[in-house]
Amino acid sequence: MHAYTEMRHAPAPPMLRVEQVHRSFGGVRALSGVDFEVNAGELVGLLGPNGSGKSTLVNVITRMIDAESGSVMLDGTDITRLPPHRIADAGIGRTFQRLRLNDELTLRENAATGAMFRHQRGFGALTRMWLDLGASRQTALDAADKALDLMKVPAAARSRLPKQAPFSIQRRTEIARALAASPKLVLLDEPAAGMNPAEVSELASLLVAANRQLGVAVVLIEHNMELVMRMVQRITVIHRGARIACGTTAEVRNDPAVIEAYLGKRADPGHHGQQSGARQDQVRPKGVASR
Ligand SMILES: Nc1ncnc2c1ncn2[C@@H]1O[C@H](COP(=O)(O)OP(=O)(O)OP(=O)(O)O)[C@@H](O)[C@H]1O
Ligand SMILES: [Mg+2]
């Protein structure tokens with residue numbers, strides 16, 4: 001085979017590569033040498049029992065907290081120490097385990113903030129935004145509307161404040177805010193928590209559609225393994241701050257280390273989280289030990 005042909009068939013390196021990241025909080029080791037990869041355009045599940053380090057991993061990738069050691073590479077660029085305000089610009093968006101919308105902005109304005117921050121580059125850009133506020137605002141609102149369309153947030157709801165909208169619509173608005181910045185990667189931390197089964201099912205379809213239509217890579221943290229299996233191409237499971245399995249849904253489901261990690265906590269991975277009627281302030285599935 002010619003070298004050229006071999007090159008063409010060489011697998012592309014992952015878009016995101018997290019290697020050997022460690023992070024402790026006091027005496028608690030939240031991440032102890034975790035590895036994690038995401039390919040461009042892929043929809044992956046990130047699973048693990050409560051307290052296994054999933055949110056901490058998202059916080060490290062999005063630069064909300066520092067890694068003590070290890071590295072995070074995005075498209076070959078080391079972003080381990082990237083200033084936090086540059087993360088959206090780098091093409092990474094996220095949502096939070098506890099919903100974080102601005103209570104004083106309408107849903108449409110909330111979604112627009114995603115697009116505004118994406119295009120803000122230090123003081124130079126801030127000045128430009130002042131000079132060009134009308135155009136910037138309109139661009140951001142247009143991006144917001146596209147993302148809200150995609151997440152099927154009804155037009156009539158968009159002029160409402162978050163607290164005037166149903167919880168599932170607030171969640172979808174938060175996802176739209178992340179998508180409005182045109183990211184190449186979004187990390188969704190338990191976006192279905194607190195939703196009823198019909199809302200969860202609709203959200204699943206919307207996320208699959210967004211992934212396909214926008215080509216954005218999606219990392220989905222979700223306790224309901226049945227739901228994850230229906231949606232994603234690949235699953236990574238972490239336990240005690242380290243990766244214990246990675247593969248197709250079938251491979252992961254039958255992996256002894258995964259079964260033990262879940263059964264060791266007396267939680268059934270197949271139904272974990274579904275029984276919870278939790279809202280944003282009560283995100284842990286009932287009956288599951290937390291640390
Ligand atoms: N800011 C913090 N201060 C102290 N300890 C923390 C902090 N953030 C996380 N931890 C601890 O680190 C560990 C991992 O927490 P993390 O929230 O990342 O887990 P998780 O996998 O997201 O869990 P869950 O499924 O319950 O959301 C836990 O023991 C947690 O209590
Ligand atoms: Mg979490």
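Strands β9 and β10 are joined in the antiparallel sense by five bridges; pairing here takes at least two DSSP bridges between two strands. H239 has A242 in β10 as its bridge partner. The hairpin of β9 and β10 has two residues between the strands, and R240 takes a positive phi near 50 degrees there.

A word on the model before we go on: it is predicted, so local features need pLDDT of at least 70 and side-chain atom pairs count only at pLDDT 80 or more, while totals for chains, interfaces and linings use all residues. Residues are numbered from 1 along each chain as its sequence is written, and chains are lettered from A and ligands numbered from 1 in the order in which they are written.

Now zoom out to the sheet around that hairpin. Six strands make up an open sheet, in the order β6-β7-β8-β3-β9-β10, with mixed pairing. Angles run from 0 to 180 degrees between N-to-C directions, and axes are lines fitted to C-alpha atoms, for helices over the stretch in contact. Within the sheet, β7 (residues 185–189) and β8 (residues 217–221) pair in the parallel sense over five bridges, and V186 stands opposite V218 in β8.

What packs on this sheet? Helix α7 lies across β6 and β7, running at about 170 degrees to β6. Helix α11 (residues 256–263) packs on the sheet too, touching β9 (234–239) and β10, and its direction makes about 130 degrees with that of β10. Contact between two residues means that their C-beta atoms, placed from the backbone, lie within 7 Å.

Helix α7 (residues 167–179) also packs with helix α8 (residues 197–214), at an angle of about 10 degrees and with the axes 11 Å apart. That makes α7 and α8 roughly parallel to each other, a label for angles under 35 degrees. On the α7 side the contact uses S168, R172 and L179, and on the α8 side E199, L203, L206, A210 and L214. Sorted by class, the residues of this contact are five nonpolar, one polar and two charged. Here Ala, Val, Leu, Ile, Met, Phe, Trp, Tyr, Cys and Pro count as nonpolar, Asp, Glu, Lys and Arg as charged, and the others, Gly among them, as polar.

There's another sheet to visit. Four strands form this open one, in the order β2-β1-β4-β5, with antiparallel pairing. Its edge strands are β2 (28–38) and β5 (77–78), each pairing on one side only. Five bridges connect β1 (residues 16–25) with β4 (residues 69–74), and the two run antiparallel. L16 stands opposite L74 in β4. Helix α2 (residues 54–61) lies across β1, β2 and β4, running at about 65 degrees to β2.

That helix leads us to ligand 1. There are 15 residues around ligand 1, and F25, A30, K54, S55 and T56 come nearest; being near means a C-beta atom, placed from the backbone, within 6 Å. Both β2 and α2 supply at least two residues each to the shell, and the largest share, three residues, comes from α2. By class, the shell holds three nonpolar, nine polar and three charged residues.

Conventions: Parallel < 35°, antiparallel > 145°, perpendicular 65-115°, else oblique.
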